[in-house]
Amino acid sequence: MGSLGALLRHPDDVFPLIKLKMAARNAEKRIPPEPHWGFCYSMLHKVSRSFALVIQQLGPDLRDAVCIFYLVLRALDTIEDDTSILTDVKVPILKEFYRHMYNPEWHFSCGTKDYKVLMDQFHHVSTAFLELGKGYQEAIEDITKRMGAGMAKFICKEVETVDDYDEYCHYVAGLVGLGLSKLFHASGSEDLASDSLSNSMGLFLQKTNIIRDYLEDINEIPKSRMFWPREIWSKYVNKLEDLKYEENSVKAVQCLNDMVTNALLHMEDCLKYMSALRHPAIFRFCAIPQVMAIGTLAMCYNNIEVFRGVVKMRRGLTAKVIDRTNTMADVYGAFFDFSCMLKSKVDDNDPNAKKTLNRLETIQKTCRDSGTLNKRKSYVLKNGSNNSALIILFIILAIIFAYLSANR
């Protein structure tokens, strides 16, 4: 449930962590009895537990469609990610993958751990896909076809310019945003959002992941995966892998800040998209990952640890985001708080400081103009927690441990 040290420093993480733990247990008990649907929902919990929790709140038909959409794209992504697959084998599979969803006997062995299980038993996903409504099937097929073609293109093409970067992110994530908008519309719950806003929702998440995952991608065996655009990193080093070496620490952080500043471009579109959503469960489904993204960027900005290991939000803060992101007022508050955190880390000597500050001030103005900031719950715990809070914490922990022990 998070380290004791982290809980002592952030005692208001406790209740959200308890709620998250209980929600996860309840969700795992709601696995459908049919073998193919049971496989799909069990696999969803294994490859993305937090995503699975949010999906469970959607209505039954939409929940099934989003579950299958996610697993189909996760399978496609597993093929793209597997650097051991020869290019002349990988490219045609990516291009034709959308056809395989209609074949309950198709599978392809690749990936590792749970992802390998997904690929080996993909017939369960295909069987479930064929039970979805026609509107859902057509939306998933369209996006999968376009995404596979885009991935195949970038197997043979490096990300050179910022335009290439945006194009790659469109194929692997912007199209997910477009697809989800189509599924929401097909369910009858939402108006069809514009392609540009849907695309930005995906790009903001994907760019955050690419920034956070620099070290994992550059150290990929047998071949590095490089998504940071040359147009940005070449201003700081001769080779992208040079950013991970200690002697280049100053330049590495400057390059990192340049990448974060690029990602900030999409925040205003994301707020516009979310503000138009009507259905509470769909809103939470969309909003929680976006809040997590800006929180992750705030952690990564100006942080050399991105080039040394994994930088991510602590579990308690993640639980707090999931617990508190319920309305657009919550989103405006979270974006404002995390942009304040990010703004406090901007060094005036950074080459992109002025650009970064301008983008943060724009998003903060949007949040202020919403008129909802007085309703927010801060995501940044103020210092000075007193002893009574710690005493309460220990009491709560004792109750939790007693409860878990009694229910094993």
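1. On a 1 Å grid over the protein atoms alone, a cavity is a set of points where a 1.4 Å probe fits but cannot get out, while a pocket is an open set with protein on both sides within 12 Å along at least five of seven lines; lining residues have an atom within 4 Å of a point. Grid points are joined across faces, edges and corners, and the volume is the space filled by probe spheres set on the points.

2. Basis of the note. The model is predicted: local features need pLDDT of at least 70 and side-chain atom pairs count only at pLDDT 80 or more, whereas totals for chains, interfaces and linings use all residues. Residues are numbered from 1 along each chain as its sequence is written, and side-chain values use heavy atoms, with hydrogens and water left out.

3. Cavity. The count is 1 cavity of 30 Å³ or more, and the largest cavity has a volume of about 40 Å³. Its lining includes Asp 213, Asp 217, Arg 225 and Trp 228. Helix H12 (residues 214–218) gives the most to this lining, with 3 residues; helices here are DSSP runs (H or I, at least four residues), as are strands (E, at least two), numbered from the N terminus.

4. Second largest pocket. This pocket has a volume of about 610 Å³. Of its 24 lining residues, the closest to its centre are Phe 154, Lys 223, Ser 224, Arg 225 and Met 226. H6, H9 and helix H13 (230–233) are the elements that give two or more residues to the lining, and H9 provides the largest share, 3 residues.

5. Helix H9. The 22 residues of H9 (residues 134–155) should span 32 Å, and the end C-alpha atoms are 31 Å apart, which agrees; the expected span is 1.5 Å times one less than the number of residues. Among the buried residues of H9 are Tyr 136, Ile 143, Met 147 and Phe 154, where buried means under 20% relative accessible area, exposed over 50% and partly exposed in between (1.4 Å probe, protein chains only). The buried residues of H9 pack against helix H5 (60–81), helix H6 (87–100), helix H8 (122–129) and helix H10 (162–186), with contact taken as heavy atoms within 4.5 Å.

6. Aromatic pairs. Rings of Phe, Tyr and Trp (its six-membered ring) pair if their centres lie within 6.5 Å; planes under 30 degrees apart are stacked, over 60 edge-to-face and the rest tilted. The count comes to 14 aromatic pairs. The rings of Trp 106 and Phe 122 have centres 5.7 Å apart and planes at 90°, so this pair is edge-to-face. Trp 106 lies in the loop between H6 and helix H7 (113–120) and Phe 122 in helix H8, so the pair ties together parts 16 residues apart in sequence. Trp 106 counts as buried at 13% relative accessibility, and Phe 122 is buried at 0%. Phe 97, Trp 106, Phe 108 and Phe 122 form one aromatic cluster.

7. Residues 281–304 are 83% helix and 0% strand. In helix H16 (residues 280–300), 17 of its 21 residues are buried. Just after H16, Asn 302 takes a positive phi of about 60°.
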